Amino acid sequence: MAASGGVASGGPRLRVRRLGPAAAAADRRSCRGGGGWCPGEPATPSSRPREAPGPHWGMDEGKMDENEWGYHGEGNKSLVVAHAQRCVVLRFLKFPPNRKKTSEEIFQHLQNIVDFGKNVMKEFLGENYVHCGEVVQLPLEFVKQLCLKIQCERPESRCDKDLDTLSGYALCLPNLARLQTYRFTEHRPILCVEIKPKCGFIPFSSDVTHEMKHKVCRYCMHQHLKVATGKWKQISKYCPLDLYSGNKQRMYFALKSLLQEAQNNLKIFKNGELIYGCKDARSPVADWSELARHLKPFFFPSNGLASGPHCTRAVIRELVRVITRVLLSGSDKGRAGALRLGPGLRGPLVCEASPFSRSLRCQGKNTPERSGLPKGCLLYKTLQVQMLDLLDIEGLYPLYRRVERYLEEFPEERKTLQIDGPYDEAFYQRLLDLSTEDDGTVAFALTKVQQYRVAMTAKDCSIMIALSPCLQDASSDQRPIVPSSRSRFAFSVSVLDLDLKPYESIPHQYKLDGKIVNYYSKTVHAKDAAVMSTRFKDSEDCTLVLHKVGLPPGDTE
Ligand SMILES: O=P(O)(O)O[C@@H]1[C@@H](OP(=O)(O)O)[C@H](OP(=O)(O)O)[C@H](O)[C@H](OP(=O)(O)O)[C@H]1OP(=O)(O)O
Ligand SMILES: Nc1ncnc2c1ncn2[C@@H]1O[C@H](COP(=O)(O)OP(=O)(O)OP(=O)(O)O)[C@@H](O)[C@H]1O
């Protein structure tokens, strides 16, 4: 098998390579503290040959020391540890207790993640945004000790799953929370904002049966179920459609709402350390003045802006402006345009539940619709991939059942259908067929199923924005620069958590969709209709939003 990291046929035998002279050179010119990742250099096959992947990670199998690694974060399916000095992380899979997989299965799973990133997501989103990393095999003793060391730092709500300590396999990736944007950068502070934007469109499929799904986006509906089930304490004002609108006012509102109620949609890191964002529902309430204290040196470096509420507001405003600008930037091509998802395939551009649109409506104004995201920006590309969900889960589910029936009859065909990979060029090519004319074949059903899985992946990925202050004359740099009022930042944008959603999750998606819509329709909409008239009679509530979304000259729509 020609897998990365020199896996020979007959089974995975990947080793963490020793640090050679080339890696040592990369180390010297790398990130803070001398990292093993070569910043500013996209992790492309051309810049980093697949057949010789080891040394640039700067890891030595014989010298893996758990004390050099610290807990960094985790989601539902993986746990990430970061190296204390180097710009590198290890991403381990997690499983429920007693549902362990074999080493071979884990290796294959991880290799699939790498292949999917390389052959599909890099194609859609663009070379520079996607970091695929590689599979590494670590000493089992190191993994066991590491697991013990970090256990106390894990949020309780994530401990229903255990880190895989048996296979020794993990993904090695650049630390995107510390990724410097330029290879010769030295010891610069770095700020990193991670956003999980979720689904940015309202379904346009004619298969949708619930009228509510044409009016209110899934995120906003799901919020109510999440609060009812105790996952989060309060409803967020964030609506993904505002963020994806390309309209600066709406984006500004969306980002501020994320800052107010971060849930698992926003995290901020300073020099690789989490300084803002919820670990779980029990995390303390957002403290903007504490955040502003961290951010002030970035945005007001030489200005003695007094602390206090005025300072806090000024700093937060700068942060939100910079993030908005970065999100709207980008010239990276990618092949998302190849999907040709035209304007005919769009649902409503405004979600009726977004407090921003509600507030405008109650003042008799129309919500500014999408100004249109620039085609090169990551949000635009991500949205295009999300829209591969052409039929909505309601239209998709019967097609999934068709594939299932076929597989029940011909189980050996599972491999040919590439349900579990390989996620190669052929897999990618089939995703480009956007026809929705069902000819009754398994081939049609399979294409839609695979497109749906890819779309769901894009609906659940995260965007990492790394900002480092520019110290010198920016004209001498090759990096993209974003200005703020009192400083300038070199920035990089990356996307993470691009693991293809499993085929098996489709029935769960179908059930969850029904649950979300039913809960929203029965409980919230009925209540909402009753209180709407009184709630928005309060003119202060209405104008508050608009005054707060003031933008600097030149930024107005
Ligand atoms: O279904 P959703 O929209 O709740 O998304 C799940 C996420 O919940 P969220 O709503 O973002 O808090 C969920 O995130 P959390 O565990 O809640 O942080 C996962 O990302 C899950 O993906 P997977 O099953 O681990 O691959 C996500 O499941 P998928 O639907 O993407 O499979
Ligand atoms: N390459 C990276 N560099 C820095 N931080 C990372 C990297 N990859 C992941 N992380 C951090 O680890 C966290 C968990 O990773 P990830 O989102 O991939 O987990 P997951 O379990 O797959 O997520 P989900 O819950 O969506 O299934 C992220 O939110 C992010 O903060």
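Helix H4 (218-228) and helix H14 (506-535) each contribute at least two residues to the shell around ligand 1 in this predicted model, helices being DSSP runs of H or I of at least four residues and strands runs of E of at least two, numbered from the N terminus. H4 gives the most, with three residues. In total 15 residues surround the ligand, the closest being Arg158, Lys226, Lys231, Lys501 and Gln509; a residue is near if one of its heavy atoms lies within 4 Å. By class, the shell holds nine charged, four polar and two nonpolar residues, where Asp, Glu, Lys and Arg count as charged, Ala, Val, Leu, Ile, Met, Phe, Trp, Tyr, Cys and Pro as nonpolar, and the others, Gly among them, as polar.

Polar contacts (pairs of N or O atoms within 3.5 Å) give a picture of the site. A polar side-chain atom of arginine 158 lies 2.5 Å from an oxygen atom of ligand 1, while an N or O atom in the side chain of lysine 501 is 2.7 Å from a ligand oxygen. For lysine 77 the corresponding distance is 3.1 Å. The protein covers 84% of the 590 Å² of accessible area that ligand 1 has on its own, as computed by the Shrake-Rupley method with a 1.4 Å probe.

Turning to the aromatic side chains, there are 13 aromatic pairs, counted when ring centres of Phe, Tyr or Trp (its six-membered ring) lie within 6.5 Å, with planes under 30 degrees apart called stacked, over 60 edge-to-face and the rest tilted. Tryptophan 69 and phenylalanine 142 form an edge-to-face pair, 6.3 Å centre to centre with 70° between the planes. Because tryptophan 69 lies in strand S1 (residues 69-74) and phenylalanine 142 in helix H3 (residues 140-150), this pair ties together parts 73 residues apart in sequence. Tryptophan 69 is buried at 2% relative accessible area, and phenylalanine 142 is buried at 3%; buried means under 20%, exposed over 50% and partly exposed in between (1.4 Å probe, protein chains only). Phenylalanine 299 and phenylalanine 489 form a tilted pair, at 5.1 Å and 55°. Tyr397, Tyr400, Tyr503 and Tyr510 form one aromatic cluster.

Residues are numbered from 1 along each chain as its sequence is written, chains are lettered from A and ligands numbered from 1 in the order in which they are written. In this predicted model local features need pLDDT of at least 70 and side-chain atom pairs count only at pLDDT 80 or more, whereas totals for chains, interfaces and linings use all residues; side-chain values use heavy atoms, leaving out hydrogens and water.

Terms used
A polar contact is a pair of N or O atoms within 3.5 Å; within protein, one must be able to donate a hydrogen and the other to accept it, and residues adjacent in sequence count only if both atoms are side-chain atoms.
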